[in-house]
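Here are some notes on the ligand site and on the open space elsewhere in the model, for you to read beside the coordinates.

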Amino acid sequence: MRAKPGNTIRALAGASLALAAALLATTASAQEPFRIGLIIPLTGGQASTGKQLDNAVNLYMRQNGDTVAGRKIEVLVKDDAANPDNTKRIAQELIVNDKVQLIAGFGITPTALAAAPLATQAKIPEVVMLAGTSVITERSPYIVRTSFTLAQSSTIIGDWAAKNGIKKIATLTTDYAPGHEALQFFKARFTAGGGEVLDEIKVPLHNPDFAPFLQRVKDAKPDAIFVFVPGGQGGNFMRQFSERALDKAGIKVIGPGDVMDDDLMGSMSDTALGTVTAHMYSAAHDSALNKSFVAAYKAAFSSRPGFVAVGGYDGIHLIYEALKKTGGKSDGDALVAAMKGMKWESPRGPISIDPDTRDIVQNIYIRKVEKRDGELYNIEFQTFEAVKDPGKAK
Ligand code: PHB
């Protein structure tokens, strides 16, 4: 049926109104900031790691500006004190009240997991900058990780230990998911290579006192102790190791690199010398990009960046690049699609996001603690290139 003239005019007027409204909406969204909820521990036992993440995001934004593809970037920083109940409540508030279009941070596995269902429900990306348990990326199709998995480093140090004259080991791992994975993957490789595990010690996540366990290790007389403690706790561990004189008893420290966080090495004694760990970042990594990153971080915060800072720095880079790829569109599915397969040079070396798992693919380095210009550093001496998460190869 043909529309009467009057109706046609109304229809045209309606169409142009709709067009005007659409134009207005586009302009409004072009001006609307892109809001990121950064949920990190800034109080409690994991506070030093939250600080590194906050510093790194801050530094990246100072270096790269706060506008991407026409969108002003607003970061809302929230302290969850590494308590997953807090994380859940904070993520909900950020999504519902503050209308954030992405959540990021996550200092420990339980907090990354607590936010996963909310990211799925809201269809917004969750960028995991630190937590390292393999399963995390499988808990939501919106999760992308820029840190590491414990399996990446623990398999490599397991092989290395077995091939380098370490026959008897005691293990000390934090009693939660990443600690269990570090132990599981280390032990499988170490025992397959002929090594023997004499004792397996588990310590609590919060306020661990290592001293009584270290006495037990000393009595067992292993060649080395395999240690996983989350970033932030290595300084305390090494102090107690030193006080109990395990080094003098000839016991070496090995593990994934979390115990030798660059952030804490300035406070460690020479007891740390000779510690061999496998990890994805050392502040001593030899590249032009890393040298300028370390110099800029030190100038801004008067401290050395560690592996935690690098996870944060790469996390915000990933967000910036994804937004550029979507032309400033904040749709969660489009952003995650843009992140999949992305490759870039990080201060840690070349990295990429596995398009199938949304997990990080990166070099793992074996390093030994040595002195450079009077300071302790993890000096890389062997590189395993483009390591995927072994925890996903089922
Ligand atoms: C974790 O809780 O997944 C975690 C935290 C800090 C680390 C490693 C793993 O250094």
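1. An oxygen atom of the ligand lies 2.7 Å from a polar backbone atom of Gly 132, a polar contact in the sense of a pair of N or O atoms within 3.5 Å. The model is predicted, with local features requiring pLDDT of at least 70 and side-chain atom pairs pLDDT 80 or more, while totals for chains, interfaces and linings use all residues. Residues are numbered from 1 along each chain as its sequence is written, and side-chain values use heavy atoms, leaving out hydrogens and water.

2. Side chains also take part: an oxygen atom of the ligand is 2.7 Å from an N or O atom in the side chain of Tyr 176, and for the side chain of Asp 258 the corresponding distance is 2.5 Å. Of the 280 Å² that the ligand exposes when taken alone, the protein buries 100% (Shrake-Rupley method, 1.4 Å probe).

3. The ligand is surrounded by 16 residues (a heavy atom within 4 Å), and the closest include Thr 109 and Gly 231. By class, this shell holds 10 nonpolar, five polar and one charged residues, with Tyr counted as nonpolar and Gly as polar.

4. Which residues line the largest pocket? The lining consists of Ala 283, Ala 284, His 285, Asp 286, Asn 290, Lys 291, Val 294, Tyr 377, Ile 379 and Glu 380, and α10 (288-301) and β15 (375-387) each supply at least two of its residues (DSSP runs, at least four residues for helices and at least two for strands). These lining residues divide into five nonpolar, two polar and three charged.

Technical notes:
Polar contact = N/O pair within 3.5 Å; in protein donor to acceptor, adjacent residues only side chain to side chain. 1 Å grid on protein atoms, 1.4 Å probe; cavity = no way out; pocket = protein on both sides within 12 Å on 5 of 7 lines; lining within 4 Å.
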